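Thanks for asking me to look this one over.

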Amino acid sequence: MASMTIESLVPDAEVMVFHRGPPGPGAELRLYPAINPTHIQWRQENGAWADLVALDDLMGPAGPVGITWRSEGWDSISEFSERDVLLHDDIIWIALSDNTNQEPGDSDSPWDILLDGTSIASDRELAEAARDKAQDWAEKAEDVTVEPGSYSAKHWAAKAEDEKDLAATAKTGAENARDKAEKWAEEDEDIEVEPGSYSAKHWAEKAQDAATGGAGSISVTPAGNIAATNVQAALEELDTEKAKVGAVASSGLTMATARVLGRVTAGTGGLEELTAAQIRTFVGNASDTVAALIELATQSEVNAGTDTGRAVVPATLLGFTKARPGNVAYTVKTDTFSTSSGSFVDVTGLSVSITPLISTSRILVFGMVNVGPYGANYPAFVKLVRDSTDLSVGGAAGSRSRTMALAQSDRLVAVPLLDIDSPGTTSVITYKVQMKTRTGGGINAHINRDTTDTDNVDFGRAASVLIAMEIV
């Protein structure tokens, strides 16, 4: 068969011209193409139209349905169609059906998440917070904490500069102290180190003079009841006064080796050891206006705070202050607890024990308990108990449950608990949280979680705390 080549395609005339073999009569072939609604057709010049190929055979499968971007976002009055796409609350949503006034994210809303951008915003906020904290660690002003008890590099640089100045000052002080110490040790005789005070060398030389020159030649200044002006005469006067002590001319006292000696009645003879009651007859009792004999209060008298005639010493004062708010017991519960009981049961991990130091003390009991009821119509009841005694529950009213607090919600509820108790004991006592739920099978109440407890970032776990503090 002769080869056939396309010589030209003439769109305007809708004709294709072919040549078959060498030029000559019949070598040129003219074909005319056309398209009707169902086929591509062709014919030769002056010939009849013939179907070349069906259009259906040339079409592939239908492509996906497109989406419509609603750049104006969501509002309550606009109409939205199926497959409309918009941005709302940092999330890109797609409409599953036509709707109006049905906000994305609501319960039973005909919208689905196409792209969640909240985590991107959260990551950006975390990065910015980390940047700010790093800047605080570097540049926070002196004596301003970055976190409790912790300071910036700028703070410590300033402190180092201050310490350098203090070290220089301390060095100067040490040198001055060294020079003064040398004077106290070695300053010459009769030269004052400070007004009226002399060195060790001065007194050593004075002692040497006394040893070699005799006591009678050393001058002294008369003082008290001694009139002598030299050591020897002064000693003789002291001997005379000592002899007078043997005879007590009237009622009186003298001290002898950590005992009080004296006579209750006037007279002569030896002295006797006096009792506290006998001493009190001479001295009397001390008061806020009179300096006299005092008696120490016992710990119980200090704690009671009613005695007006006895004195307090540091040991009993410390024992009293221990009964102040320093006597505290507390616990923090970070795990969860659940119950379906219709009667009150102990919440595990939410109890504290405390031993009052004073029987008349009161105990401040307070805390915060995060309760997850079964639902809005299913209350969870919570109360405080001392050992087995209820604290501050509601009054009796028919068959109603007596409780300190209750929660009704399908979400986690923070329930505060508070009571001031007077246990009247110094023995150990235990305060605890109890809880129950509405009676009926399968109705649970929870601590530190809600009923749904779905594992995603929109649901959480909480912590509960209980504190007992002794107050006087």
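1. Start with Asp84 and Arg70, whose side chains meet in a salt bridge at 2.7 Å, N to O. By salt bridge I mean a side-chain nitrogen of Lys or Arg within 4 Å of a carboxyl oxygen of Asp or Glu. Asp84 sits in strand E8 and Arg70 in the loop between E6 and strand E7 (79–80), so the pair ties together parts 14 residues apart in sequence. Both Asp84 and Arg70 are buried, where buried is under 20% relative accessible area, exposed is over 50%, and partly exposed is in between (1.4 Å probe, protein chains only).

2. Before going on, a word on the source: this is a predicted model, where local features need pLDDT of at least 70 and side-chain atom pairs count only at pLDDT 80 or more, while totals for chains, interfaces and linings use all residues. Residues are numbered from 1 along each chain as its sequence is written, and side-chain values use heavy atoms, with hydrogens and water left out.

3. How many salt bridges does the rule give? The count comes to 16. One of them joins Lys383 and Asp390, with the closest N and O atoms 3.0 Å apart; Lys383 is buried at 7% relative accessibility, while Asp390 is partly exposed at 36%. As for shared partners, Arg70, Glu72 and Asp84 are joined into one network.

4. Back to strand E8 and its sheet. Strands here are DSSP runs of at least two residues (E), numbered from the N terminus, and two of them pair if DSSP finds at least two bridges between them. The sheet is open, with four strands in the order E6-E8-E9-E11 and mixed pairing. Strand E6 (68–69) and strand E11 (111–116) are at the edges with a single partner strand each, so one side of each has no neighbour in the sheet. E6 runs parallel to E8 (residues 84–88) over two bridges, and Thr68 stands opposite Asp84.

5. Now have a look at Ser340, in the loop between strand E20 (337–339) and strand E21 (345–354). Ser340 is partly exposed, at 41% relative accessible area. Leaving out residues up to four places away in sequence, Ser340 touches Thr437, Ile443 and Asn444; contact means heavy atoms within 4.5 Å. What separates the C-alpha atoms of Ser340 and His446? The answer is 9.0 Å, though these residues are 106 apart along the chain.

6. Last, Val328 belongs to strand E19 (residues 328–333) and is partly exposed, with a relative accessible area of 35%.
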